[in-house]
Amino acid sequence: MADSNPTPRISVHQALGGGTVADVLLWREWCSGVVMLTLSTMVWYLFVRAGYNFLSFMANVLSLLVAILFFWAKSASLLNRSLPPLPNLEISENTVVIITDELHQWINHTLSIAHNIAIARDLKFFLKVAVSLWLVSYIGSLFEFLTLVYIGVILSLSVPVVYDTYQHFIDEKLYVTRRFIQTQYRKIDEMVLRKLPLPSNGGYPLHS
């Protein structure tokens with residue numbers, strides 16, 4: 001049954017930004033997708049299944065790279081050939097500004113969450129944060145960090161293309177699920193949350 005107020009659909013490619021990343025996740029650039037999947041599988045197998053130490057691996061790779069560059073430069077000076085084509089090894093000021101701005105926004109968002117819980121005493125928001133953190137903690141206890149990252153890569157390379165193929169069918173099922181969750185949440189809100197005694201501010205002023 002069609003919705004009474006249908007909303008315009010956007011393609012999955014547009015929702016993912018419509019750039020190179022979207023092309024890779026939707027396997028439109030299948031070569032990049034294969035490379036990403038292969039590299040992530042190799043890293044996961046190397047550090048999780050084979051038990052290779054990350055610091056040892058990085059040290060060995062850097063040692064090999066430094067040795068190659070050193071002998072390349074030595075042989076170039078002896079044979080009158082060009083030096084290794086190294087890029088400008090520095091971080092631009094623009095990159096630092098972008099990273100600082102993203103970090104600033106993330107810290108402010110985290111502080112706003114703490115403000116809503118500790119100062120505004122938003123019970124519903126507190127319960128949402130507590131349940132979310134519990135889920136993250138529970139999932140983290142089931143897998144190692146690299147395994148979680150690898151699962152994330154697998155899902156990012158599979159879920160978008162599956163959703164793009166069966167978007168209409170999945171949207172219908174998600175709509176029914178969303179309506180069910182909203183109904184259950186309203187019941188819990190009316191029967192439990194609204195009956196909980198909320199403490200007053202106790203004379204503490206709320207700062208904007």
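Modeller: Helices here are DSSP runs of H or I with at least four residues, numbered from the N terminus, and the model under discussion is a predicted one.

Biologist: For residues 30-48, what are the helix and strand percentages, and how far apart are the end C-alpha atoms?

Modeller: UniProt, in an unreviewed entry, lists residues 30-48 under "transmembrane region", along with residues 54-73. In the predicted model, residues 30-48 are 100% helix and 0% strand, with the end C-alpha atoms 26 Å apart.

Biologist: Are helices α3 and α7 roughly parallel or roughly antiparallel to each other?

Modeller: The axes of α3 (residues 30-49) and α7 (residues 145-165) come within 10 Å and cross at roughly 160 degrees. Angles over 145 degrees count as roughly antiparallel, and α3 and α7 are therefore roughly antiparallel.

Biologist: How many nonpolar, polar and charged residues does the contact of α3 with α7 have?

Modeller: On the α3 side the contact includes G33, M36, W44 and F47, while among the α7 residues that take part are Y150, V153 and L157. Counted by class, this contact of α3 with α7 has no charged residues, five polar and 10 nonpolar.

Technical notes:
Residues numbered from 1 in each chain as written. Predicted model: local features only at pLDDT ≥ 70, side-chain atom pairs only at ≥ 80, totals over all residues. Heavy atoms only, no water. UniProt positions renumbered as here; feature names shortened; annotations may be inferred. Helix = DSSP H or I, 4+ residues; strand = E, 2+ residues; numbered from the N terminus. Axes fitted to C-alpha atoms, helices over the stretch in contact; angles between N-to-C directions. Parallel < 35°, antiparallel > 145°, perpendicular 65-115°, else oblique. Contact = heavy atoms within 4.5 Å. Nonpolar A, V, L, I, M, F, W, Y, C, P; charged D, E, K, R; others polar.
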